[in-house]
Amino acid sequence: MNPFTVTVLGNGSAVPTSFQNPSAQLVTYGSKRFLVDCGEGTQMRMIDFKTGHRHLNHIFISHLHGDHFFGLIGLLNTLHLYGRKQPLNIYAPEDLKQVIEIQLEVSKSNLSYSLLFHNLGQNFSEPLYTDKNLEVFHFSLKHRIPTFGFIFKEKLGDRKLKRSFIDEFNPSIEQMHVVKSGADYEAEDGRRISNMEVTNDPYPPRSYAYCSDTAYFEKVIPFIQGVDLLYHEATFDNEQEQKAMDKFHSTAAQAALIAKKAHAGKLMLGHFSARFKEKDHLLAEAKEVFPATILSEEGKTYEV
Ligand SMILES: [Zn+2]
């Protein structure tokens with residue numbers, strides 16, 4: 001199985017504190033790196049946590065509140081200083097292109113690589129990104145400005161060869177590829193052996209969803225149904241449910257209810273308000289609704 005992980009770089013909300021940083025995380029699949037949101041100082045967190053930047057070719061920005069993208073211009077400039085050559089893809093609401101271009105223009109910065117902007121529109125059925133193993137889709141969240149969640153979905157892998165098949169028939173590499181793709185095996189003596197006899201099912205594909213920032217919003221559920229790991233914002237606690245609604249954010253318990261209704265495997269809470277240095281009560285409130293909940297921690301890497 002390819003490594004599939006999420007490293008939390010920042011899990012705080014907009015008001016700065018000394019104990020947490022604004023939103024950013026790095027999703028790793030195999031050797032590939034995907035940055036999700038880029039709050040102020042993200043590049044410093046990447047240095048602190050030694051994430052590297054060489055295999056980073058895709059950045060996803062959920063929305064244009066500053067705590068989700070103010071770190072971008074700094075990171076882009078640093079990649080230029082490092083002499084980056086390969087193009088960098090940025091998936092974001094439309095206005096980001098203008099914001100970045102004006103910053104580059106007034107600072108007379110001529111990047112050593114090209115930026116490819118992809119507008120996050122309303123077509124949610126087409127993947128934003130796809131390769132041999134992975135697809136990334138977006139979907140709408142409910143916030144004060146247009147905001148999107150992302151889901152990273154592993155594709156169904158090849159069928160797995162049974163050891164007994166290899167021992168008995170000693171197939172060539174080419175024959176193994178054919179059988180892994182689902183075809184029957186044709187033995188040298190002309191016998192046809194059904195694929196089911198010589199292979200096991202592939203690993204179930206894994207998935208990771210990112211939902212920040214959003215009010216409680218059940219329309220996300222069809223997009224994240226059965227997700228293995230769900231990151232959902234939990235800016236407020238139960239006492240502040242009205243405030244959460246007014247500000248288009250969620251409580252920890254509301255995040256848990258979304259995880260429960262979507263049959264998520266695990267819920268990771270984040271986007272914590274600056275008022276909660278201690279977050280144990282957020283965890284307790286969420287666990288009452290959805291026991292498989294954890295608090296995200298900056299600098300930690302989580303398996304999907
Ligand atoms: Zn935010």
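Student: In which sense do strand β2 and β3 pair?

Tutor: The model is a predicted one. In it, strand β2 covers residues 24-29 and is joined to β3 by six bridges. One of the facing pairs is Tyr29 with its bridge partner Lys32 in β3. The sense of the pairing between β2 and β3 is antiparallel.

Student: Which helix packs on that sheet and touches β3, β4, β5 and β6?

Tutor: The sheet is open, has mixed pairing and runs in the order β6-β5-β4-β3-β2-β1-β18. Its edge strands, each pairing on one side only, are β6 (115-119) and β18 (301-303). From one strand to the next the twist averages 20 degrees. The helix that touches β3, β4, β5 (88-92) and β6, with a direction about 170 degrees from that of β5, is α2.

Student: What angle does the direction of helix α3 make with that of β6?

Tutor: Helix α3 spans residues 96-106 and packs on the sheet, where β5 and β6 are the strands touched. Between the directions of α3 and β6 the angle is about 155 degrees.

Student: How many residues of strand β9 are buried?

Tutor: Strand β9 (residues 148-154) pairs with strand β8 (residues 134-140) through seven bridges, in antiparallel fashion, and Glu135 stands opposite Lys153 in β9. Four bridges join β9 to strand β14 (residues 207-211), also antiparallel, with Tyr208 of β14 as the bridge partner of Phe152. Strand β9 is mostly covered, and of its seven residues the number buried is six.

Student: Which residue in β16 stands opposite His232?

Tutor: Strand β15 (residues 229-233) and strand β16 (residues 266-270) are paired in the parallel sense, over five bridges. In β16, the residue opposite His232 is Leu269.

Student: Which residues are the protein donors of the zinc ion?

Tutor: The donors follow the spacing D-H-x144-D-x57-H along the chain, and their distances from the zinc ion are 2.1 to 2.2 Å.

Student: Is the site of the zinc ion irregular or tetrahedral?

Tutor: A tetrahedral site needs all angles to lie between 85 and 135 degrees. The four donor atoms here give angles of 89 to 169 degrees, and the site of the zinc ion is accordingly classed as irregular.

Student: How many residues apart in sequence are the parts that His68 and His271 tie together?

Tutor: His68 is buried, as is His271. His68 lies in the loop between β4 (56-60) and α2 (72-81), whereas His271 lies in the loop between β16 and α10, so the pair ties together parts whose separation in residues is 203.

Student: Which elements are among those that cover the buried residues of α9?

Tutor: Helix α9 (residues 252-261) is mostly covered, with seven of its ten residues buried. These are Ala252, Ala253, Gln254, Ala255, Ala256, Ile258 and Ala259. The covering elements include α7 (221-224), β15, α8 (241-246), β16 and α10.

Student: Why does Gln254 count as buried?

Tutor: Gln254 is found in helix α9. Leaving aside neighbours within four places in sequence, Gln254 is in contact with Tyr216, Glu241, Ala244 and His249. Buried means under 20% relative accessible area. Gln254 therefore counts as buried, with a relative accessibility of 15%.

Student: Is Gly41 buried or partly exposed?

Tutor: Gly41 lies in the loop between β3 (32-38) and α1 (42-48). Because its relative accessible area is 23%, Gly41 is classed as partly exposed.

Student: How far apart do the C-alpha centres of domain 1 and domain 2 lie?

Tutor: The domain assignment gives domain 1 as 4-157 + 203-303 and domain 2 as 160-200. The separation of their C-alpha centres is 42 Å.

Conventions: Residues are numbered from 1 along each chain as its sequence is written. This is a predicted model: local features need pLDDT of at least 70, side-chain atom pairs count only at pLDDT 80 or more; totals for chains, interfaces and linings use all residues. Side-chain values use heavy atoms; hydrogens and water are left out. Two strands pair if DSSP finds at least two bridges between them. Helices (H or I, at least four residues) and strands (E, at least two) are DSSP runs, numbered from the N terminus. Buried means under 20% relative accessible area, exposed over 50%, partly exposed in between (1.4 Å probe, protein chains only). Donors are N, O and S atoms within 2.8 Å of the metal (3.2 Å for Na, K and Ca); water is not among the atoms, so sites may look incomplete. Four donors count as tetrahedral if all angles lie between 85 and 135 degrees; four count as square planar and six as octahedral if opposite donors are over 155 degrees apart and all others between 65 and 115; anything else is irregular. Domain bounds come from an automatic or database domain assignment. Contact means heavy atoms within 4.5 Å. Axes are lines fitted to C-alpha atoms, for helices over the stretch in contact, and angles run from 0 to 180 degrees between N-to-C directions.
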